[in-house]
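Dear colleague,

Please find below the structure that I am handing over to you.

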Amino acid sequence: MNTNIIDLKTVRLSQDGSAVIILDQTCLPESEVYVSLSSVEEVWDAIYRLKVRGAPAIGIAAAYGIYVCSRQITADTYEGFYNEFLRIKNYLASSRPTAVNLVAALNRMEKVVAVHPMKSVLEVIQLLRAESEAIRAEDAAACRKIGENGLSLLRPKMGILTHCNAGHLAVSEYGTALAPVYLGEERGYSFKVFADETRPLLQGARLTAYELQKAGVDVTLICDNMVSAVMRKGWVQAVVVGCDRVAANGDTANKIGTSGVAILARYYGIPFYVLGPTSTIDPNCPDGDSIVIEERNPEEITDMWYASRMAPEGVKAYNPAFDVTPHDLITAIITEKGIVYPPFRMQDL
């Protein structure tokens, strides 16, 4: 039986506001495990260890998390509360450096505190809850609009390739890159989706294949190095990917391997679309060279997923989490506000 994908709750606030409830994505696809996070350490760990992941979902989790933690601050004065709030904010911001949504959400939450110095601590905490819920609601609305805008560029029965997971699991509802796929499925477009496995963390295999299959979408899993083969066969008519940060010139950081897909798409004459909310655009970042790329533990390459180590002891390993796709390889950037074509003027959005 197919599932309405929005019934799967990736990140939410507990009814009493005392915890962030996340679907632990490190347990997928074997089991759907929900985890309750009530301390700043637990929220930080969940973001760092990819229990919650995807730029928009990280932002939502951080907003909910700092609200939950603000309830635990014992300071009686506004100044004492604000100082402890900033400590928590800076700690959560250190969990992952590349996705702009994390810091953007935390900055929004701080602004709530900063502009209400005359209110009581209790009133400020109530405003923080409202702001965190607004961040979540705005993301859901943005994803729906991204889906509508993206779907306008696609035709029924198209073969679509995606990389990593930019679906429902990465946001509040529907996804970014996969939002038009889900809307198309609801309207009988019958897309055929090819999902890269996305080494080394296998978000495509574990997450994208999982959620698309769960929703009844025709999905085929391929290894990352099979992209050229399926494109050569003519099975792919469009590439849709998400984004973790978009620079002012249109250069885009996304999961490692994305830039290689873009190069292949250009060679085979296939449109390459980047989909994401405007909150992912960083106007203060001039270009891709200015984006800080997170480097992760080499064990994710040498040991993870294997019953025993799969590489010789002592071998060097390089494990960047993201790469940058130059703007001149991108056909269009699709946001909730519209579709932007080269030359990219992100400041117009």
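This is a predicted model: local features need pLDDT of at least 70, side-chain atom pairs count only at pLDDT 80 or more; totals for chains, interfaces and linings use all residues.

Residues are numbered from 1 along each chain as its sequence is written, and side-chain values use heavy atoms, with hydrogens and water left out.

Strands

Helices (H or I, at least four residues) and strands (E, at least two) are DSSP runs numbered from the N terminus, and two strands pair if DSSP finds at least two bridges between them. Strand β1 (residues 11-13) pairs with β2 in the antiparallel sense over three bridges, with V11 opposite I22. The hairpin of β1 and β2 has six residues between the strands, and G17 there takes a positive phi near 75 degrees. On β2 (residues 20-23), V20 and I22 point one way and I21 and L23 the other, and all are buried (under 20% relative accessible area, with exposed over 50% and partly exposed in between; 1.4 Å probe, protein chains only). Strand β3 (residues 34-37) is also an antiparallel partner of β2, over four bridges, and L23 stands opposite Y34.

A further open sheet has three strands in the order β8-β9-β11, with antiparallel pairing. Its edges are β8 (245-246) and β11 (322-325); each has a single partner strand, so one side of each is left without a neighbour in the sheet. Two bridges join β8 to β9 (residues 252-255), and V246 has T252 as its bridge partner. Helix α9 (residues 258-268) packs on this sheet, touching β9 and β11, and its direction makes about 35 degrees with that of β11. Here axes are lines fitted to C-alpha atoms, for helices over the stretch in contact, and angles run from 0 to 180 degrees between N-to-C directions; contact means heavy atoms within 4.5 Å.

Two residues

R96 lies in the loop between α3 (78-93) and α4 (100-114), and is buried, with a relative accessible area of 6%. Its side chain makes a polar contact with that of E294 at 2.9 Å (a pair of N or O atoms within 3.5 Å; within protein, one must be able to donate a hydrogen and the other to accept it, and residues adjacent in sequence count only if both atoms are side-chain atoms). Leaving aside neighbours within four places in sequence, the contacts of R96 include Y48, R53, K255 and F322.

V219, in strand β6 (residues 218-222), is partly exposed at 22% relative accessibility. With the neighbours within four places in sequence left aside, V219 is in contact with V193, A195, A209, L212 and Q213.

Cavities and pocket

On a 1 Å grid over the protein atoms alone, a cavity is a set of points where a 1.4 Å probe fits but cannot get out, and a pocket is an open set with protein on both sides within 12 Å along at least five of seven lines; lining residues have an atom within 4 Å of a point. Grid points are joined across faces, edges and corners, and a volume is the space filled by probe spheres set on the points.

Of its 20 lining residues, R53, G54, A55, N165 and D244 are the closest to its centre. The largest share of that lining, three residues, comes from α2.

The largest pocket holds about 310 Å³. Its lining has 16 residues, with N101, R108, I135, E138 and S279 nearest its centre. Two or more lining residues come from each of α2 (55-70), α4 and α5 (121-151), and α4 gives the most, with five.

With kind regards
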